[in-house]
Amino acid sequence: MSGTSSSREEMGGLQLYDYFRSSAAYRVRIALNLKGLDYERVAVNLVDGDQRSDDYLALNPQGLVPALITGDGELLTQSVAILEWLEETWPEPALLPTEPLARARVRAMVQTISSDIHPLNNLRVLNYLTGSLAVSDEARLAWYHHWIDLGFSALEQLVTGSDYCFGTSPTLADACLLPQMYNARRFKQDLTAFPRLQRIALNLEQLPAFASAGPEATKPQ
């Protein structure tokens, strides 16, 4: 694992263990940026197997990214739990609506991505398909496209905003959407059927908090 650091905000003192192409870590980087928080990044190279090292497993027994060390030295894992903690700890700018029903709708979009799409398409699942199950690369890609298509078909109907998934400013749903859209494009997903999602993603890509969190901007040099 290698670290890249920035000055820490007085209230923050945050340390993020991540991998530049991990969509789960990408979500957290977006939220940290939207909240205006400085943090130290510690790179965990998933391709090289850093997540299976004794040192990292001692920190995070799941061997997944992201993991966040708080200013008090507490460990947080699971990206959505981290997003919720950030929202509760630094409530401004708000990434969830104030009205309970609206909050539930944004959380539903978050779960559509983080629970129904992403877990079926992350690196360890894809590696298991081609490794232990001896699935062909073509079949693995078809698997990937199937679950993206299924999830995005629902999400296309759930989003209600024009430039954002919900309302007129970024929410946690947007922090989850753009990383998943990045992955879909990377794996050559046909996105023709999702004009709303494409329009929202195009808008998000123009925002500094999203652009500076992207894989191209955070790839280790």
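Guide: In this predicted model, 68% of the contacts in the protein chain between residues at least 6 apart in sequence join residues at least 24 apart. The protein chain holds ten helices and five strands, and its radius of gyration is 17 Å, close to the 17 Å that the globule rule gives for 221 residues, so it is as compact as a globular protein of that length. Along the principal axes, the C-alpha atoms fill a box of roughly 45 × 45 × 30 Å, and buried residues account for 48% of the 221 residues.

With that background, we can turn to helix α7, which spans residues 172–186 and packs against helix α6, residues 137–158, at an angle of about 140 degrees, with the two axes 11 Å apart. Angles over 145 degrees would count as roughly antiparallel, and α6 and α7 are therefore oblique to each other. Their crossing is left-handed. On the α6 side the contact is made by Tyr-144, Ile-148, Phe-152 and Leu-155, while α7 brings Leu-177, Gln-180, Met-181, Asn-183 and Ala-184. Sorted by class, this contact of α6 with α7 has seven nonpolar residues, two polar ones and no charged ones.

Helix α7 also packs against helix α8, residues 195–205, where the angle is about 105 degrees and the axes lie 10 Å apart; α7 and α8 are therefore roughly perpendicular to each other. Here α7 contributes Asp-174, Leu-177, Leu-178, Met-181 and Arg-185, and α8 contributes Leu-197, Gln-198, Ile-200, Ala-201, Leu-204 and Glu-205. By class, the contact of α7 with α8 has seven nonpolar, one polar and three charged residues. Leu-177 and Met-181 of α7 take part both in the contact with α6 and in the contact with α8.

The axes of helix α1, residues 23–34, and helix α4, residues 100–121, come within 11 Å and cross at roughly 155 degrees, which makes α1 roughly antiparallel to α4. Ser-23, Ala-24 and Arg-27 of α1 meet Ile-113, Ser-114 and His-118 of α4, and the residues of this contact divide into two nonpolar, three polar and one charged.

Terms used:
Residues are numbered from 1 along each chain as its sequence is written. This is a predicted model: local features need pLDDT of at least 70, side-chain atom pairs count only at pLDDT 80 or more; totals for chains, interfaces and linings use all residues. Side-chain values use heavy atoms; hydrogens and water are left out. Axes are lines fitted to C-alpha atoms, for helices over the stretch in contact, and angles run from 0 to 180 degrees between N-to-C directions. Helices (H or I, at least four residues) and strands (E, at least two) are DSSP runs, numbered from the N terminus. Angles under 35 degrees count as roughly parallel, over 145 as roughly antiparallel, 65 to 115 as roughly perpendicular and the rest as oblique. A crossing is left-handed if the near helix is turned anticlockwise from the far one by less than a right angle, and right-handed if clockwise. Contact means heavy atoms within 4.5 Å. Ala, Val, Leu, Ile, Met, Phe, Trp, Tyr, Cys and Pro count as nonpolar, Asp, Glu, Lys and Arg as charged, and the others, Gly among them, as polar. The radius of gyration is taken over C-alpha atoms; the globule rule is 2.2 Å times the number of residues to the power 0.38. Buried means under 20% relative accessible area, exposed over 50%, partly exposed in between (1.4 Å probe, protein chains only).
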